[in-house]
Amino acid sequence: MDSHKRIFSHLSSDLPAGLVVFLVALPLCLGIALSSGAPLFSGIIAGVVGGIVIGSLSGSHTAVSGPAAGLTVIVLNAISDLGAFDIFLTAVVLAGILQILLGWLKAGIIGYYFPTSVIKGMLAGIGVILIIKQIPYAFGVNEDANLEKYIPFVNDWSAVMDLGNLSKEFEFGAIIITLVSLAILLFWDRPIIKKQKFVKFIPGPLVVVIIGVAINKFFKFFVPKLYIDASGKVVLPEIESFGHLVGQLTFPQFSAITNPDVWLVAFTIAIIASLETLLSLEAGDKLDPYKRVSPPNRELFSQGIGNVINGLIGGIPVTAVIVRTSANITSGARTKTSAVFHGILLFASVLLIPGLLNLIPLASLAAILLLIGYKLAKFSLFKSQARLGMDQFLPFVTTILGIVIFDLLIGIGIGMGVAIVYILMRNFQNSHFYEERPEKDPNTIHIVLSEEVSFLNKGALIQALDDIAPGKHVIIDGSNSKVIDYDVLEVIANYKISAKEKEIEVDTIKIKSVT
């Protein structure tokens with residue numbers, strides 16, 4: 001009872017915050033579904049489930065879940081590779097079950113094992129893909145103009161070359177709306193505008209959508225040649241009854257559960273969605289003025305339940321999303337009531353104003369996603385990573401290239417591989433401290449082993465011992481070491497034998513002999 005009182009004790013803060021999050025989330029739900037190659041209605045379903053279901057189950061006071069830009073590449077490729085949206089939904093259900101399992105296994109710490117350079121590279125790679133995918137919509141190239149050849153799979157570079165042919169098919173009206181929308185979004189991000197109180201309740205994406213609709217209406221009555229017809233606008237079903245609503249839902253094809261590709265997609269969604277959720281959760285907790293800590297394992301469980309439901313009724317997969325979460329926090333949310341309320345508003349909008357939503361030009365949504373893509377992959381990020389050194393920059397860049405050239409999972413794998421190489425190199429270099437004090441004894445070399453010496457350090461130690469000149473006195477000191485691998489002990493034991501040929505005297509301190 002006390003928990004219910006706490007949830008409803010801050011309605012004066014939570015309801016306005018939920019309204020702001022709704023206004024931010026509505027165009028993003030539509031835009032991300034568009035970029036994912038999924039039905040636009042599936043984006044709204046995902047937003048409703050993310051708000052109401054996950055918002056209710058989550059242990060976070062501030063996190064808001066919904067369709068995420070980080071999953072667009074996976075969803076786009078998966079729908080095409082699997083051949084049908086209902087087969088893809090089967091993978092979403094399985095991904096949700098895997099997330100529930102991860103939560104039960106208390107795997108909320110997995111996010112700590114991904115290097116920051118790879119995570120930043122993943123987000124930047126997604127940003128690059130978002131930009132590429134939205135260019136056709138920004139130019140007004142719709143499905144009737146053979147859109148699929150312009151927004152191919154990530155690794156189909158012929159489509160990038162085809163972008164040069166857009167000039168033969170683009171719509172000037174869409175270009176104008178895209179440019180005006182980008183200008184508004186950039187203006188809304190200016191510090192002088194952000195300081196204004198009205199910005200708190202009127203997010204830039206909402207303004208872009210309203211202005212886009214207004215411009216297109218102007219074109220209809222005054223410049224018909226520039227008018228964007230139904231093929232270039234949002235298409236959502238107009239719900240007339242509960243039965244009609246059920247009829248608009250798409251259900252998974254469970255007969256595809258034996259398809260190994262479905263399981264591969266499910267595994268990919270589960271890992272990437274969980275990782276993005278945990279990162280957003282951590283970022284949200286840092287923004288929370290009350291510094292509350294969200295339980296990561298409960299969040300994975302909640303996300304899993306949400307994605308199972310999404311897969312069962314036709315929604316695209318969701319994660320906790322930092323854009324919505326930050327809007328929620330900055331709007332003054334105190335409890336998770338705001339997240340639930342935003343989901344209720346999304347559901348109400350589909351029921352009550354589908355006609356208004358269907359006036360939104362796709363070019364407006366494309367502009368929103370273009371700017372999101374740029375923010376994920378902005379030039380300053382490349383500069384900051386380069387300043388940190390090659391051990392940070394190279395995994396970052398290779399992750400991006402892998403994502404753009406191949407796909408998200410391969411890109412992350414390549415980035416992780418490069419990062420691990422640098423870790424191994426550091427281990428190679430930090431196996432021991434080499435000390436030579438000619439002022440005390442010119443013939444004595446003191447080698448102090450690190451606190452933990454594993455097989456990874458074996459090569460460095462062998463090299464150091466081989467470089468010691470004949471006739472020296474070598475002391476190998478393990479006083480500071482808590483763990484010394486058998487491999488290293490064996491190297492030392494072998495060196496004691498081989499050193500006799502060089503007339504090198506070897507003594508050890510606190511190092512077990514190999515039997």
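## Exposure of side chains

A residue is called buried when its relative accessible area is under 20%, exposed when this area is over 50%, and partly exposed in between. Arginine 292 has a relative accessible area of 22%, so this residue is partly exposed. The structure described here is a predicted model.

## Salt bridges within the chain

The count of salt bridges comes to four. One of them joins aspartate 288 and arginine 292, with 2.9 Å between the closest N and O atoms.

Another salt bridge joins the side chains of aspartate 189 and lysine 375, at 2.7 Å from N to O. This pair links distant parts of the chain, as its residues are 186 residues apart. Aspartate 189 lies in the loop between helix H8 (172-188) and helix H9 (191-194), and lysine 375 lies in helix H17 (residues 362-376). Aspartate 189 is partly exposed, with a relative accessible area of 29%. Lysine 375 is also partly exposed, with a value of 44%.

Lysine 482 and glutamate 451 form a salt bridge as well, and their closest N and O atoms are 3.2 Å apart. Glutamate 451, at 45%, counts as partly exposed.

## A buried aspartate without a salt bridge

Aspartate 14 belongs to helix H2 (residues 11-35). This aspartate is buried but has no salt bridge. The nearest side chain of opposite charge is that of arginine 334, 6.7 Å away. A salt bridge needs the side-chain nitrogen within 4 Å of the carboxyl oxygen.

Arginine 334 does take part in another way: the side chain of aspartate 14 reaches the backbone nitrogen of arginine 334 at 2.7 Å.

## A nonpolar patch on the surface

Five named residues, Phe347, Leu351, Leu352, Ile353 and Leu356, form a nonpolar patch on the surface. Together they have about 460 Å² of accessible area. Helix H15 (residues 337-352) gives the most to the patch, with three residues.

Phenylalanine 347 is placed in helix H15. Its relative accessibility is 35%, so phenylalanine 347 counts as partly exposed.

## Aromatic pairs

A pair of aromatic rings is described by the distance of the centres and the angle of the planes. The count of aromatic pairs comes to seven. In one of them, phenylalanine 393 and phenylalanine 396 lie 6.4 Å apart from centre to centre, with 40 degrees between the planes, and the pair is tilted. Both residues are in helix H19 (residues 390-405); they are three residues apart and therefore separated by about one helical turn.

Phenylalanine 393 is partly exposed, with a relative accessible area of 23%, whereas phenylalanine 396 is buried at 0%. Elsewhere, ring pairs link Phe218, Phe219 and Phe222 into a cluster.

Terms used:
Residues numbered from 1 in each chain as written. Predicted model: local features only at pLDDT ≥ 70, side-chain atom pairs only at ≥ 80, totals over all residues. Heavy atoms only, no water. Helix = DSSP H or I, 4+ residues; strand = E, 2+ residues; numbered from the N terminus. Buried < 20%, exposed > 50% of the residue type's maximum accessible area, 1.4 Å probe, protein only. Lys, Arg positive; Asp, Glu negative; His and termini not counted. Polar contact = N/O pair within 3.5 Å; in protein donor to acceptor, adjacent residues only side chain to side chain. Patch = residues over 30% accessible without salt bridge, like charges linked within 9 Å, V, L, I, M, F, W, Y side chains within 5 Å. Areas by Shrake-Rupley, 256 points an atom, 1.4 Å probe, with all protein chains shown as cover. Phe/Tyr/Trp six-rings, centres within 6.5 Å; stacked < 30°, edge-to-face > 60°.
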